[in-house]
Every structure is written in structure tokens, then in C-alpha cells.
Amino acid sequence: MATQPTPQQVIEGQKQDWNRVAGGWEKWDRLFEAQMAFVNHRLVADARLHEGLRVLDLGSGTGYPALLGAQVVGQAGSVVGMDLAEQMLAAAERKAKRLGLTNVSFKTGDVTSLPFDANTFDAVTSRFCLMFLPEIPKAAAEIARVLKPGGWVAAAVWSAPEKNPSIGLAMAAIKQVIELPPPDPSAPGVFRLAKPGELAGLFQQAGLADAIDQEFLADWTYGSADEYYTSLMEIAAPVQNLMAKLTAAQQADVKQRILQAASNFTRAGRIVFPMAVRIVAARKPV
């Protein structure tokens with residue numbers, strides 16, 4: 001039986017993966033930000049951001065929702081964005097400069113060990129980060145520690161796989177070509193916090209109160225099946241890792257299967273996937 005990687009090994013592997021795909025994320029940035037605007041705005045709302053607040057954004061990647069948060073809190077406030085991958089944050093810094101934002105800074109670091117004093121931030125936001133952590137309860141405890149009493153955390157995670165076909169479609173195609181071991185439901189991964197109430201429960205165990213857990217249904221669209229396939233191969237590190245193990249013939253087979261499966265979601269000449277996001281908010285008691 002294979003030994004489980006340590007949390008540190010998991011984090012190091014993720015750091016390498018996210019750095020490797022940083023260029024792809026920056027390239028496809030406009031497509032994703034246009035389609036994820038509702039998530040960014042919802043996080044800013046659920047974290048109760050307003051002018052003058054000091055905010056921490058966890059798993060900022062190429063800059064969202066940290067950049068939107070910086071626009072909301074204004075010059076009287078500030079935002080610190082954290083991520084494992086320095087190359088993702090370099091893209092975020094370029095965007096901040098283009099937007100003329102001087103009240104946001106970015107810092108590499110591990111969410112399960114935050115380099116800040118207790119009661120430092122008025123609010124914490126996080127988009128599609130927490131489910132990848134090897135030690136989620138530890139991260140929840142750290143969020144509770146750095147939040148000021150009365151402050152809110154708002155986090156977005158992916159809901160169930162069957163409600164997010166664009167994410168699982170590639171893995172399903174690869175599984176038709178080679179045998180893959182069944183995923184460990186407790187291991188870090190895209191759907192690790194998909195169950196209703198799971199993240200809310202972890203926030204409550206960390207001492208946070210008034211937890212709200214809501215699922216949002218939306219659409220995720222591409223100009224064509226080819227556009228979907230190309231973007232997937234440039235941003236999805238786990239898919240890249242598996243494709244690298246295949247022969248050229250197997251890769252071609254997987255590509256055809258993905259294109260065919262994606263084309264089943266054609267609507268009015270575009271590829272339109274349903275998507276489901278879980279947004280969870282909680283408050284630190286006063």
C-alpha cells in the first residue's frame with residue numbers, strides 16, 4: 001500500500017503545479033473573470049466589505065477577489081492576497097498595476113499557517129482555495145484567529161461533481177482510456193468541500209458563528225469545444241499531470257472524447273456548461 005504524502009509534500013506539489021499553469025491562467029484571465037464576476041461580487045458582499053476595512057484574501061491566484069476587494073475598501077483600507085504560487089501572484093501584481101490599485105499587496109504563504117497576529121483583519125475572503133488544503137480544520141482555525149471580533153469570512157468552493165460537468169469531463173475521458181485509482185474522498189481536491197454544511201461545520205468548530213451555506217447555480221460558456229479543450233489543457237494541472245503519462249495515441253484518443261463530450265453541451269452555437277458553486281460565510285463572535 002502506498003504511503004500517504006505528508007501535508008508539506010502535498011503543498012509543495014501544489015505549489016509546483018500552480019506555478020506551472022500560471023501562464024495559462026493569465027492567458028485565459030478575461031474569459032474566467034467575466035464568468036466568475038458573480039462569485040467575486042458575492043464574496044465581497046458576504047464578507048461585508050466596505051470602505052476602510054483591512055482584508056485578507058486566501059488563495060488569490062491571479063488576483064480575484066483581492067482586486068475587487070481593494071476597489072471596495074478604497075485608499076482608507078487595504079487588502080493582502082496570499083497564495084502558494086509566486087508566479088500566479090506575479091500575474092496578480094501586473095493586474096493591480098494596470099488597474100492603478102496601490103492598496104493591495106500579495107504574499108506567498110501557506111493558508112494553514114498565517115504569518116499574522118491574532119485579530120488583524122476585518123474580513124477574510126477565499127475563492128476556490130480551501131478544498132485543496134491538506135489540513136482544512138487548521139486553516140479554519142487560522143482564519144478565526146486572524147479575524148477581528150465581529151469580522152466575517154466568505155469562501156467559495158465547488159459544489160457536487162454532477163452539477164459541474166465541465167470539471168469532471170476530462171477525468172471521465174481519461175478513465176475511458178487508462179485505468180485510474182478511485183479518488184480518496186478525504187484527500188485535497190476540487191470537490192473536497194462539495195457537501196452541504198461541511199465547510200460551515202468546520203467554521204463552527206473553529207469558533208465562528210452565524211454560518212450561512214448557499215449553493216449558486218450558473219452557466220459557464222465557451223465559444224467552441226476546441227476553446228474549452230485548449231483552455232483546460234493550459235490551466236488544469238491535475239489533467240496535465242495525467243495527460244503527460246499517456247502515449248501520443250492515447251492523448252489523441254482522450255482529446256477526441258473530450259471534444260465529443262463537450263459538444264453535447266452546445267446551445268445557440270456555444271458550449272454552455274451548468275455550474276454550481278457553494279458559498280459559505282461565518283462571523284467571529286464579538
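Student: What in α7 meets α11?

Tutor: L169, A170, A173, I174, Q176 and V177 in α7 meet Q250, D253, V254, R257, I258, A261 and A262 in α11, where contact means heavy atoms within 4.5 Å. Both are DSSP runs (H or I, at least four residues), numbered from the N terminus. Mind that this is a predicted model, with local features needing pLDDT of at least 70 and side-chain atom pairs 80 or more, while totals for chains, interfaces and linings use all residues. Residues count from 1 along each chain as its sequence is written, and side-chain values use heavy atoms, without hydrogens and water.

Student: At what angle do α7 and α11 pack?

Tutor: Helix α7 (residues 165-177) and helix α11 (residues 248-263) pack at about 135 degrees, axes 9 Å apart. Angles run from 0 to 180 degrees between N-to-C directions, with axes fitted to C-alpha atoms over the stretch in contact.

Student: Why is α7 called oblique to α11?

Tutor: Under 35 degrees is roughly parallel, over 145 roughly antiparallel, 65 to 115 roughly perpendicular, and the rest oblique. The angle is about 135 degrees, so α7 is oblique to α11.

Student: Which hand does the crossing of α7 and α11 have?

Tutor: Right-handed, the near helix being turned clockwise from the far one by less than a right angle.

Notes: Helices (H or I, at least four residues) and strands (E, at least two) are DSSP runs, numbered from the N terminus.
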